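Welcome! Please take a look at the sequence and the structure below, and then we can walk through them together.

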Amino acid sequence: MLIDWDIRYQTDDDILEKMQAAADLCLKCENVSAHCAISVCMCDDETIQEINRQYRGIDRSTDVLSFPSVRYPEGKTAGSCPALLRQEYDDEYGSVFLGDLFISVPHMAAQAREYGHSEMREAVYLLVHGICHLMGYDHIEDDDKKRMRAMEKKILSAASVTRDTDPEKDEQLLETAREAMKKSYSPYSSYPVGAALHSTDGRIFTGCNIENASFGLTNCAERTALFKAVSEGALSFDTIAIAATTKAWPCGACRQVLNEFAPDIRILVTWPGHVEEKKLTELLPEGFGPHSMDQ
Ligand SMILES: O=c1ccn([C@H]2C[C@H](O)[C@@H](CO)O2)c(=O)[nH]1
Ligand SMILES: [Zn+2]
């Protein structure tokens, strides 16, 4: 997504960077392949109030205002209108202009404080909300609202801003994985691995690699943890920590099995003196999953 920024109020570069990434994910999640552009004005409360008054007749400040420039047919959104988007393609711009957004930075910061989360998370949420409007979503009728919320959630989780990560909790999970590594049954490889899987209901499931004299029957630490979890009724996960003696990102089989239940999962790996983090979406791009056979 091409963003034409108008920064009228000082905004951190890392916030803007994360917003750009979230904007790209909006198109991806909506399945829009056309090159699209929007303009985003980061402004103060007075400016957004003036725009709200001028264009909507509402004389008060707000967090985000969206002005779509594409007219979608009733009940349709950008992803289901590829032909319409092609018609809207602007040769000069080299993209389809979806519309304008205004975000009040002080309003965003105040809301972040009120909700007790980061400005980054609030800024990304407001942008995603605004872009959803520019893609044809609305929240007036209950059904529309449900669809809009579901799309927002999908985008926010792809951008991994569903929750702020907590370094202390991560360290606890890593330590649990290191402990689990001690249970490893690996007489053939002598390569112990431990895993600790955090489910969204707050439970932690551990696993280790379990080898066999018939080598091919080995089960990795990650799948041990995951199968234990699923068999205990946990079906949704946000983080897995993996401990080994060298850097060990999950093998291909484990990536695929994790993708079934937690395509957005964060993966932390640790080996003596080190910790690294990646998303499963980085390790298994374009993965085949439970929804791949829809349509
Ligand atoms: O991510 C990995 C990579 C390997 N192993 C195990 C399988 C086998 O027991 C040993 C050597 O491959 O390590 C895991 O548990 N997880
Ligand atoms: Zn594996």
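## Around helix α8

Helix α8 itself spans residues 221–231, and its buried residues are Ala-221, Glu-222, Arg-223, Thr-224, Ala-225, Leu-226 and Ala-229. A residue is called buried if 20 or more other C-beta atoms lie within 10 Å of its own, exposed if 12 or fewer, and partly exposed in between, with C-beta atoms placed from the backbone. After α8 comes Gly-233, which has a positive phi, near 90°.

## About the model

This is a predicted model, in which local features need pLDDT of at least 70 and side-chain atom pairs count only at pLDDT 80 or more, while totals for chains, interfaces and linings use all residues. Residues are numbered from 1 along each chain as its sequence is written, and chains are lettered from A and ligands numbered from 1 in the order in which they are written.

The average pLDDT of the chain is 94, and 98% of the residues score at least 70; pLDDT is the predictor's confidence in each residue, from 0 to 100. The model has an ipTM of 0.92 and a pTM of 0.57.

## The chain as a whole

You will find 10 helices and 10 strands in the chain. Of its 295 residues, 36% are buried. Two residues are in contact if their C-beta atoms, placed from the backbone, lie within 7 Å. Among contacts between residues at least 6 apart in sequence, 68% link residues at least 24 apart.

## Two nonpolar cores

A nonpolar core is a set of buried Ala, Val, Leu, Ile, Met, Phe, Trp, Tyr and Cys residues joined through C-beta atoms within 7 Å. The largest one has 47 residues, and the members touching the most others are Ala-22, Cys-26, Ile-103, Leu-127, Val-128 and Ile-155. Elements supplying at least two residues each include α1, β2, α2 and β5. Helix α5 contributes the most to this core, namely 9 residues. There is also a second, separate core of 31 residues, with Ala-234, Phe-237, Ala-244 and Ile-267 among them.

Why is β8 described as largely enclosed by the rest of the structure? The reason is that 6 of its 7 residues are buried. Two strands pair if DSSP finds at least two bridges between them. Strands β6 and β8 run antiparallel and are joined by 6 bridges, and Ala-196 has Ala-241 in β8 as its bridge partner. Strand β9 (residues 266–271) pairs with β8 in the parallel sense, over 5 bridges. In β9, Leu-268 stands opposite Ala-241.

## Around ligand 1

Which residues come nearest to ligand 1? Of the 14 residues around it, they are Ser-189, Val-193, Asn-209, Cys-220 and Ala-221. A residue is near a molecule if its C-beta atom, placed from the backbone, lies within 6 Å of it. This shell holds 8 nonpolar, 4 polar and 2 charged residues, where Ala, Val, Leu, Ile, Met, Phe, Trp, Tyr, Cys and Pro count as nonpolar, Asp, Glu, Lys and Arg as charged, and the others, Gly among them, as polar.

Technical notes
Helices (H or I, at least four residues) and strands (E, at least two) are DSSP runs, numbered from the N terminus.
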